Amino acid sequence: MRKIIVLSFITLDGVMQAPGGPEEDTSGGFKYGGWSAPYFDEAAGKAMAKQMKPADLLLGRKTFEIFAGYWPKHENGWPGINDVTKYVVSGTMKKPGWKNSVFLRSLADIKKLKNSKGPGIQVHGSGELIQTLLKNDLVDELWLKIFPLTLGKGKKLFGKGAIPAAFTLTESTVTPSGVIIANYRRAGKVRTGTVGD
């Protein structure tokens, strides 16, 4: 069985929309695109490089279109990105336009991929897809970059798809600019109790 690993840039209030630039995703009138840029320091860059090792990708249509328009010409920033398999969840796309791309049409296709043999699969961006994965308990790990700001509005990582689920912290660091880089692994059901007992 393959692990599904969600990598996300989020604000303190959970916004994940358009961290990379002003024109990345302006849907819903979002005007804070590029909010992560002021916090990118050398430590954040090193942490990102560590996580950007070649790995198969599972992407929603919108993120795929953004990636396909950028990464084929900028592979030096993410070595191997053009050679890995890109699984794209879309009911409308017909031609990928990016080598090694495979279309998945349904939740059943995602489950079949997860149950296959192979290395872990990374999910970047893909807000709507992440909601589907969370809702169906298909996320094995969360690799989060938590930035020290709130935006109030915007697409959230834990939106309508979040279910009760426990996670264990497996790795963490804090950059000089205040970005918390935290990796979590799924750890069964939520347990409750009384503090102090």
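This is a predicted model: local features need pLDDT of at least 70, side-chain atom pairs count only at pLDDT 80 or more; totals for chains, interfaces and linings use all residues.
Colleague: In what order do the elements of the protein run from the N terminus on?

Modeller: The protein holds 4 helices and 8 strands. Read from the N terminus on, these elements follow the order β-α-β-α-β-β-α-β-α-β-β-β.

Colleague: What radius of gyration does the protein have, and what would a compact globule with 197 residues have?

Modeller: The C-alpha trace spans about 60 × 40 × 35 Å along its principal axes. For 197 residues, a compact globule would have a radius of gyration near 16 Å, and the value for the protein agrees with this, being 17 Å.

Colleague: How far apart do the centres of the positive and negative side chains lie?

Modeller: The protein exposes about 10,800 Å², of which carbon and sulfur atoms supply 56%. As for charge, there are 28 positive and 17 negative side chains, and the centres of these two sets are separated by 6 Å.

Colleague: Is Arg-2 buried or exposed?

Modeller: Arg-2 is placed in the segment before β1 (4-11). Because a residue counts as buried when its relative accessible area is under 20%, and because Arg-2 has a relative accessible area of 4%, Arg-2 is buried.

Colleague: With which side chain does the side chain of Arg-2 make a polar contact?

Modeller: Leaving aside residues up to four places away in sequence, Arg-2 touches several residues, including Tyr-87, Leu-113, Lys-117, Pro-119, Asp-56 and Asp-140. At 2.7 Å, the polar contact made by the side chain of Arg-2 is with the side chain of Asp-56.

Terms used
Residues are numbered from 1 along each chain as its sequence is written. Side-chain values use heavy atoms; hydrogens and water are left out. Helices (H or I, at least four residues) and strands (E, at least two) are DSSP runs, numbered from the N terminus. The radius of gyration is taken over C-alpha atoms; the globule rule is 2.2 Å times the number of residues to the power 0.38. Accessible areas come from the Shrake-Rupley method with a 1.4 Å probe; for residues, only the protein chains shown count as cover. Lys and Arg count as positive and Asp and Glu as negative; His and the chain ends are not counted. The place of a charge is taken as NZ of Lys, CZ of Arg, CG of Asp or CD of Glu. Buried means under 20% relative accessible area, exposed over 50%, partly exposed in between (1.4 Å probe, protein chains only). A polar contact is a pair of N or O atoms within 3.5 Å; within protein, one must be able to donate a hydrogen and the other to accept it, and residues adjacent in sequence count only if both atoms are side-chain atoms. Contact means heavy atoms within 4.5 Å.
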